[in-house]
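Hi,

Here is the structure we talked about. Have a look at it first, and then read on for what turned up.

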Amino acid sequence: MPGSVDTDRHGRHRTPVGADPSLPTNPGAGRGSAARSPVPRWVLVRVAVGAIVAAVLGAALIVSMSDPDPLDDPDLAMQRAGILDVVGPRSPAVALSAAVPARGRVTVVFFLRPTQAGQLAGALESPAGQELSELVDLGLVVSSGAGEVTPRDPGTTVVEDPDGRLAAAYRMRLPRDGGSPVGYAVVDAAGTVRYRTLDPEVATGLDEVLTIVDAVRG
Amino acid sequence: MRISKLGPVIETVLVVAVEIVLYRRFQQGDGTFHYFTHLFAGGSLALVLMAVVAHRWRRPVRFPLLAVLAGHLFAMAPDILYLESIAHTRWMDVFVAHNTSHFLPGRNISWYVLFLAAMTLYLVTAPPAREATGAGRRPTGCVEATVGAPRRP
């Protein structure tokens, strides 16, 4: 090969022009080993796969957290946990009226703002709402405008809680916007609060309330 | 294209499709927070088990994405019961700490980091497929001997 090892006209080896005579000659060097990456291909593939998975899942996680509902719990682990006695301690339920909560009956106390109160009053007329009305006593705690909330079932207790004292007594958590909570608490037959959660979509989620009621009824 | 080459493609499409369906289902129920918790928790468990299996048998897991999907489905199993009106109870923590996993300090960010750590563990632990089967290997000494041989004058 020209340029690597050469001979003079007498057949003796001579060093190519510009080459360092102290270095050993290696005709293969600079062709095979230098062209090949020092990192095996499978390592590069795995690094790429790991980076792609990390980027995709990280982006999806960030997007899911980027547009929170102002009525959501600031700590979403505390919202709709689906298990009794986890969010907040067991505590005695405060009376909404002389009859609610009644001993021997499970009670669901909804905490609402005026907008959600109207929606819930309508939802209580749905099959799930009617089933709920038959199974438990219902209480509606509205932050304002309680007089405008007229559930069809006359047994439903509606009270106004403008300063949030009732919500605090039930140890309801504050939503992200710091205003009145929108959610519900479930009181067992012994008068103990067994479940509490914020739930901005409670009017469309009465099936879930029934699931918790079933758990409290045992 | 051979079936063996199509396998990873089919696996990827299948797993991504199922995960999208699951995500949409949780999103409709306003539960994306729960989706990510169980994805990362179940996926982390699957990846750690995969690392153990790969280390023990000296070869990568054949269907790694399906294994992660299985871990996710196992972790979220109580949520399927929840849709059937069965509330969560404490024993359901056998499903990759289904209840208590939500309360990990740092919440889903911490689970994300743990998931990445588990994925790294598996990717580092599992030997490359070619090395595991021995196919395509050649003694490196032969290469070096050829490259380094002095040219005949």
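A word on terms before the details: contact here means heavy atoms within 4.5 Å, and helices (H or I, at least four residues) and strands (E, at least two) are DSSP runs, numbered from the N terminus. Please keep in mind that this is a predicted model, where local features need pLDDT of at least 70, side-chain atom pairs count only at pLDDT 80 or more, and totals for chains, interfaces and linings use all residues. Residues are numbered from 1 along each chain as its sequence is written, chains are lettered from A and ligands numbered from 1 in the order in which they are written, and side-chain values use heavy atoms, with hydrogens and water left out.

Let's start where the two chains meet. Chain A puts 37 residues into the contact and chain B puts in 36. About 2900 Å² is buried between chain A and chain B, with carbon and sulfur atoms giving 64% of that area. (Buried area is the accessible area, with a 1.4 Å probe, that two parts lose on being put together, summed over both.)

How many salt bridges are there between chain A and chain B? The count is 1, taking a salt bridge as a side-chain nitrogen of Lys or Arg within 4 Å of a carboxyl oxygen of Asp or Glu. B:Arg107 and A:Asp75 have side chains that meet in a salt bridge, at 2.5 Å from N to O.

The axes of H2(A) and H2(B) come within 10 Å and cross at roughly 155 degrees; axes are lines fitted to C-alpha atoms, for helices over the stretch in contact, and angles run from 0 to 180 degrees between N-to-C directions. That makes H2(A) roughly antiparallel to H2(B) (angles under 35 degrees count as roughly parallel, over 145 as roughly antiparallel, 65 to 115 as roughly perpendicular and the rest as oblique). On the H2(A) side, A:Leu57, A:Ala60, A:Leu61 and A:Ser64 meet B:Thr32, B:Phe36, B:Leu39 and B:Phe40 of H2(B). By class, this contact of H2(A) with H2(B) has 6 nonpolar, 2 polar and no charged residues; Ala, Val, Leu, Ile, Met, Phe, Trp, Tyr, Cys and Pro count as nonpolar, Asp, Glu, Lys and Arg as charged, and the others, Gly among them, as polar.

Now for packing inside each chain. In chain B, the axes of H2(B) and H3(B) come within 7 Å and cross at roughly 130 degrees, and the two helices are therefore oblique to each other. Residues of H2(B) in this contact include B:Gly42, B:Gly43 and B:Ala46, and those of H3(B) include B:Ala67 and B:Gly71. The contact of H2(B) with H3(B) divides into 9 nonpolar, 5 polar and no charged residues. The loop between H2(B) (32-57) and H3(B) (64-75) holds B:Arg58, which has a positive phi of about 60 degrees although it is not a glycine.

In chain A, the axes of H4 (residues 127-135) and H6 (residues 206-217) come within 9 Å and cross at roughly 25 degrees, which makes H4(A) roughly parallel to H6(A). A:Leu132 and A:Leu135 are among the H4(A) residues in this contact, and A:Val209, A:Leu210 and A:Arg217 among those of H6(A). The residues of the contact of H4(A) with H6(A) divide into 7 nonpolar, 1 polar and 3 charged.

A cis peptide bond joins A:Val100 and A:Pro101, with omega about 0 degrees. And A:Arg173 forms a salt bridge with A:Asp73 through their side chains (2.5 Å, N to O), a pair that links distant parts of the chain, 100 residues apart.

Cheers
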